[in-house]
Amino acid sequence: MRLATFDIFDTVLLRKCGNPEVVLPILAQRLYRKDRYRREAFLIWRHTVKGETFEAMYASAIGAGLDGYSTDELMQMELKVEAEMLMANPMMQDKINDYRSKGYVIKFVSDMYLSSSFLKEILLRENCAEATDEVIVSCEWSARKDNGGLFRKIRGTYHPETWIHHGDNKRSDVKMARKNGVNARWIDTTYTPIEARLMSQARSFRNGWQLKWLVGISRMARLRGLNTPEAVFAADYVAPTYLPFVIDIIKEAKEQHIDYLQFLSRDGYIMLEMAKALDPDNVKLNYLFVSRRSLIQAYLSEMEEQGFLDIIDKHSLLRKRVDDLLWLFQTTRMEMRQRFGIEFNYDKVTTQVQSDDFLQKIFHHPTFTPWLKEQCGQALLLALDYFRQEGILGSSRSLMVDVGWLGTSRLMLNRIVKAQGSLQVPTYYLGVRADVLPRCYGDYKPYFPMGQLDTTATAVIESYFSASPYPTTVGYKRNTDGVTPLFPEGEAYQDTDTVRMNREVGVAMGKMVREMREVDSTLLYFWAKTTIDSLSRLSDAVNLSPLTRIGGSDFFFSLVKRLSIGELFKVIFLGGRVSGFDKGSLYYTVGKRWYKALLPIYNFSSACRRKLFLLMMRKKKQ
């Protein structure tokens with residue numbers, strides 16, 4: 001006989017709740033939902049009860065004061081919760097099938113008090129076992145793997161010519177197997193560094209078992225994604241940052257009796273997919289195709305110069321590239337020159353004279369300005385029809401959802417709808433800057449209060465976390481389906497690997513979090529904050545290779561890149577930007593050990609540059 005055996009728990013089957021200890025508080029919550037006294041009494045009893053078999057453990061339940069349920073009802077409820085928590089490790093399903101195709105006899109082995117019949121039922125349900133496969137458990141064989149006895153009994157019973165065992169426990173499944181002549185293969189289902197830290201920190205919370213459950217969901221999702229770097233990054237960073245935010249958005253919508261949650265493109269795409277997975281009642285989920293570029297012409301229908309400055313960062317054109325400013329108006333230098341005879345003899349606005357010149361040519365030109373005003377009027381009519389179609393205008397109540405940080409879309413959209421006599425639309429942001437546009441442009445609420453979100457990795461949030469298959473919206477058009485978004489010429493829906501993995505992992509985790517029913521909002525916030533802080537500070541070992549394959553902004557080819565010697569010097573000492581996430585590029589280039597050594601130098605040089613900059617600004621004011 002050629003035999004292939006597989007450990008069951010944390011090898012073939014994984015618990016969505018992370019570890020076996022979490023099954024019990026879930027059970028206690030379901031048994032005594034509104035009675036904390038009985039929940040605590042049940043947990044203490046269940047943690048301390050002894051017995052080789054499941055039935056033997058529950059034999060003492062009668063005298064434990066667990067009124068309201070019979071012993072059989074308690075046992076069945078625990079089995080039901082255990083069954084709900086167990087899912088196949090997809091990385092093992094293919095391995096099992098491969099051995100089966102090669103003629104190996106498949107058996108499943110576990111040190112466990114649960115019966116073989118119960119475990120086989122789960123293995124069959126999860127397409128891991130076939131009807132003829134045997135499940136061997138220590139409580140029925142009176143022997144255990146952790147001391148080698150079960151391996152000896154199996155060998156003495158079946159006398160395999162070849163025997164390969166697979167398991168996650170380095171002692172029970174590897175050391176003891178090899179000690180007894182079994183060819184053992186270690187299966188890595190351990191937690192990643194950020195997951196392990198969250199598991200440890202969970203002990204500090206009253207409902208810490210819920211945080212462990214959330215971490216278990218992350219592990220389950222990344223392994224379902226075959227543990228690729230992209231799956232790990234999505235499960236450990238993208239979803240844990242956005243899911244708590246989306247859960248709080250849905251709660252806010254219900255409390256405020258909101259009809260529509262409007263997820264703004266493009267940042268809102270992945271959040272919308274997670275919201276769909278959470279399947280909220282009594283609120284409609286909508287992807288609203290808006291952008292600064294699609295709104296600006298409708299917003300400037302009255303051609304107000306100050307209105308334009310209101311939506312520009314720092315309310316100033318200084319240090320802005322002319323091409324970027326013209327891009328907002330959906331025109332170029334060439335078109336301005338050939339069609340209107342307008343020239344710009346500077347690439348970047350560096351003086352107030354140049355700023356005044358730019359504004360004069362846009363808002364006070366004898367031919368371009370009237371043409372632009374006509375374009376803006378047409379854009380306004382289209383935008384209003386689109387807003388009406390999507391539930392923004394009218395009697396329905398909407399709440400916009402966006403990453404943040406300044407609020408220009410909120411300002412433009414609300415000025416447009418306010419001019420029509422409609423109520424302004426509030427916005428829920430992941431985070432905001434200190435100079436966020438005030439609430440006179442529409443109410444807003446940040447999930448992370450100002451100062452609590454480490455903004456070092458905002459480029460990663462905007463470009464990787466929020467990757468969308470849709471191009472930026474540049475305007476609107478009418479067709480038989482109503483008013484639809486207009487995209488840049490040559491650009492269309494594109495489902496990239498990054499988008500696909502973020503969506504698949506986010507949706508899978510959203511569905512599993514929904515099964516938790518109620519989660520402590522404090523723990524959700526802690527989960528999100530710990531996650532984003534870990535990435536911003538690179539405090540936990542992480543594979544940043546997925547970030548090397550996506551652009552960080554209009555100015556950088558990639559979020560993270562392998563730095564040359566010159567670029568290393570520039571980043572550490574001079575503060576020059578060479579990528580979207582320079583600290584990430586430093587980490588990716590030198591590794592975690594050298595990164596920790598160089599970080600104090602990087603921080604010191606950054607602090608010195610800030611002081612010099614402030615000193616220069618003071619001198620200029622004097």
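This is a predicted model: local features need pLDDT of at least 70, side-chain atom pairs count only at pLDDT 80 or more; totals for chains, interfaces and linings use all residues.
Local features need pLDDT of at least 70, side-chain atom pairs count only at pLDDT 80 or more, and totals for chains, interfaces and linings use all residues. Residues are numbered from 1 along each chain as its sequence is written, and side-chain values use heavy atoms, without hydrogens and water.

Helices (H or I, at least four residues) and strands (E, at least two) are DSSP runs, numbered from the N terminus. Strands pair if DSSP finds at least two bridges between them. Five strands form an open sheet with parallel pairing, in the order β9-β8-β10-β11-β12. Its edge strands, β9 (284–288) and β12 (444–446), each pair on one side only. Strands β11 (residues 427–429) and β12 are joined by three bridges in the parallel sense; Tyr 429 has Pro 446 in β12 as its bridge partner.

| Helix | Lies across | Angle |
|---|---|---|
| α12 (residues 229–255) | β8, β10, β11, β12 | about 155 degrees to β11 |
| α20 (residues 408–419) | β8, β9, β10, β11, β12 | about 155 degrees to β10 |

Ser 536 lies in helix α23 (residues 521–537) and is buried, at 0% relative accessible area. Beyond its neighbours within four places in sequence, Ser 536 contacts Asp 454, Thr 456, Ala 457, Phe 581 and Lys 583.

Definitions and conventions: Buried means under 20% relative accessible area, exposed over 50%, partly exposed in between (1.4 Å probe, protein chains only). Contact means heavy atoms within 4.5 Å. Axes are lines fitted to C-alpha atoms, for helices over the stretch in contact, and angles run from 0 to 180 degrees between N-to-C directions.
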